[in-house]
Amino acid sequence: MTPAARLSAAIELIDTIEKDRVPAAKALKEWGTAHRFAGSGDRAAIAGLVWDVLRRYASSAWLMDSDTARARLIGMLRLERNMDTPTMAAMFDGGRYAPAPLTEAEQAALASRSLADAPASVASDYPEWLDPHLAKVFGETRAAEAAAMASRAPLDLRINTLKGNRDKVLRSLAHLGAKPTPWSPNGLRIELGADARNPGIQAEEDFIKGAIEVQDEGSQLAALLTAAKPGEQVIDLCAGAGGKTLALAALMQGKGRLIATDRDKRQLAPIHERLSRAGVHNAEIRTPKGEADPLADIRSTADLVVIDAPCTGTGTWRRNPDAKWRMRPGALEIRLKDQAEVLERAVPLVKAGGRIAYITCSVLSEENGEQVRAFVARHPEFSLVPSEQTASVLWDKADAFAEAALKTPEGWLLTPRRTGTDGFFVSVLKKA
Ligand SMILES: C[S@@+](CC[C@H](N)C(=O)[O-])C[C@H]1O[C@@H](n2cnc3c(N)ncnc32)[C@H](O)[C@@H]1O
C-alpha cells in the first residue's frame, strides 16, 4: 500500500470506530482480516495513524474546525507528526487509493488555526466532564498532566530475577534499542515509533525462557512499593492475568506463600502458563467456584494483601486512547463500589502488624486517596504507612522518586508527566 492509501484506510477505520462505536483494537483486527492483501507493515502503519488520531481526537477536530474522520486525521498529522501542508497535499492527491485533495477550507484551517484559544480539555485531549476531577488532583497543572497522558507510551519490560539479570538481557536485546528504565532496578524500555509495530518481544529467547515480562514501569514500581518479602504470606486479591503476581513472586525470591485469586475466574486463565514460564513455584491459584469463598480458610494470617483494584484505568490512557473517550461518569460510580468491596474482602485476611497495599491505575482522587480515607474511617485498626517509608524500597532512587512522584497524604501517585510511567496510585495500610 502507498502512504496515501494507508491514510484512506485510517479515515475509513476512524469512521467505523465512531459510527459503530466499536473499540479501536477490535476495528483494527477486523480490518486486517477483511484486507488480507495488506502486509504487516501496512497494518502497523495504519494502526499507528488510528491510535494517534484517538490521542489527538479533540485537538485535531478543533484545529480543523470540523469533526469528520478526515478532518481529525489531517489535524493529527499536523499536531502529532508536524507534517507541513505541501507534504500533506502530495499525499492527499485524489489518486486511485488516495484521499481526495485538500479543500480550500482545509488548507485555510491548516494555515490559520491553532489551539491557542481552545479550552484546556480540547488542547490536552481529555473529556470535558473529567475537568473538575483532574483539577482536584492536579490543580493548574492538569492540562500538562493530561497532555502527557495523551502521549505515546514506550514498551516496558521487567526482568524476572528468578530467571535473568538486567545486564545480560540488555545485551541480548540491544538490537531492539532496549535501555534501563529510570526507576525500577529490573526495568527495560524500548521506545516505539509512530507506526504501532510490535517489536515481537514474545518471539525473543529471553521471553520464551521466562527471563522477561511485558510490564509498564509504573506497574513494576507499584509491586515494589508493596515491599513483599521472601518468607511472607502474600495474597494477591485481584490477580487477573497475573502481572503483579509475577512481580511479587520475584520479590519473594521463591520463598514464602503467594496466593492469587480474582473475583472473575476468566481473568485468571492466562496466569497458570505465565507462572510456569516465569519459574514460580510458591504460588497457589485459587480459582473461584460458584459462591464459595476461595479464601475461606485464611483468617488473620496474611503479612500482605495486595489489592490491584478494578478502576477506571485513567492512568493507562497512553496505551488505551479510545477508552478515555468512551468513559462515562457511571463507570466511575461502579468502580468506586467495587473498590470499597474488595478493600472489605481484605480485612479478615490480614494479621495483626500485617499490611494492605492498595493499588489503582487511575489518577482520580475518588478512586485513590478518598477511597483509602473512607476505608481507614471505617476501619480505625488500619493506619497509613507514611509515603517516605514506603519509597525507601527504591534505595538510591528513593529521593529522586519522592521529588518526581506526587506525594499525597494517602500514598504515591505516579503519572506520565511526573515519572514517565503509566498513572498508578499506591497506598500501604498497616493493621494494628
Ligand atoms: C486491575 S485488574 C488486575 C490486574 C492484574 N493484577 C495484573 O497486574 O495483571 C483488577 C481485577 O480485579 C478483579 N476484581 C474486581 N472486583 C473484585 C473483587 N471484589 N474481588 C476480587 N477481584 C475483583 C477484576 O476481575 C480484575 O481482574
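User: Why is helix 4 described as largely enclosed by the rest of the structure?

Analyst: In this predicted model, seven of the eight residues of helix 4 are buried, so the helix counts as largely enclosed by the rest of the structure.

User: Which residue follows helix 4, and what is said of its phi?

Analyst: Helix 4 is followed by Asp65, which is found in the loop between helix 4 (57–64) and helix 5 (69–79). The phi of Asp65 is near 55°, a positive value in a residue other than glycine.

User: What makes Asp65 count as buried, exposed or partly exposed?

Analyst: Asp65 has 14 C-beta neighbours inside 10 Å. Buried requires 20 or more and exposed requires 12 or fewer, with partly exposed in between, and Asp65 therefore counts as partly exposed.

User: How do you know whether Trp395 is buried or exposed?

Analyst: Trp395 has 10 other C-beta atoms within 10 Å, and since exposed is defined as 12 or fewer, Trp395 is called exposed. Its place is in the loop between helix 20 (387–391) and helix 21 (398–404), and the phi of Trp395 is near 50°, again a positive value in a residue other than glycine.

User: Where does UniProt place the feature "active site", and how is that residue situated?

Analyst: The UniProt record, an unreviewed entry, places this feature at Cys361, and such an annotation may be inferred rather than shown by experiment. In the model, Cys361 is in the loop between strand 9 (350–360) and helix 19 (369–378). Not counting residues up to four places away in sequence, Cys361 touches Cys311, Gly313, Gly315, Thr316, Asp422, Gly423 and Phe424.

User: Why is Gly411 called buried?

Analyst: Gly411 has 27 other C-beta atoms within 10 Å, and because the definition of buried asks for 20 or more, Gly411 is buried. This residue lies in strand 12 (residues 411–414). Leaving aside its neighbours within four places in sequence, Gly411 is in contact with Val372, Ser387, Phe425, Val426, Ser427 and Val428. The C-alpha atoms of Gly411 and Phe424, 13 residues apart along the chain, are separated by 10 Å.

User: Which residues come nearest to the ligand, and how does the shell around the ligand divide by residue type?

Analyst: There are 18 residues around the ligand, of which Cys238, Gly240, Gly243, Arg263 and Asp308 come nearest. The shell divides into six nonpolar, four polar and eight charged residues. Helix 14 (243–251) and helix 18 (329–346) each supply at least two residues of the shell, and the largest share, four residues, comes from helix 18.

User: What makes strand 2 and strand 4 the edge strands?

Analyst: Four strands form an open sheet in the order 2-3-1-4, with antiparallel pairing. Strand 2 (179–180) and strand 4 (212–214) are its edge strands, as each pairs on one side only.

User: How do you know that strand 1 and strand 3 pair?

Analyst: Two strands pair if DSSP finds at least two bridges between them, and four bridges join strand 1 (residues 155–159) to strand 3 (residues 187–190), which run antiparallel. In this pairing, Arg158 stands opposite Gly187 in strand 3.

User: Which domains does the domain assignment give, and what makes the contact between domain 1 and domain 2?

Analyst: The assignment gives domain 1 (3–115), domain 2 (155–214) and domain 3 (217–431). The centres of domain 1 and domain 2, taken over C-alpha atoms, are separated by 31 Å. The contact takes seven residues from domain 1 and four residues from domain 2, and on the side of domain 1 that touches domain 2 the residues divide into four nonpolar, one polar and two charged.

User: Which residues does the UniProt annotation "domain: SAM-dependent MTase RsmB/NOP-type" cover?

Analyst: According to the unreviewed UniProt entry, this annotation covers residues 145–432. Over residues 145–432 the chain is 33% helix and 22% strand, and the end C-alpha atoms are 37 Å apart.

Definitions and conventions: Residues are numbered from 1 along each chain as its sequence is written. This is a predicted model: local features need pLDDT of at least 70, side-chain atom pairs count only at pLDDT 80 or more; totals for chains, interfaces and linings use all residues. A residue is near a molecule or strand if its C-beta atom, placed from the backbone, lies within 6 Å of it. Ala, Val, Leu, Ile, Met, Phe, Trp, Tyr, Cys and Pro count as nonpolar, Asp, Glu, Lys and Arg as charged, and the others, Gly among them, as polar. Domain bounds come from an automatic or database domain assignment. Two residues are in contact if their C-beta atoms, placed from the backbone, lie within 7 Å.
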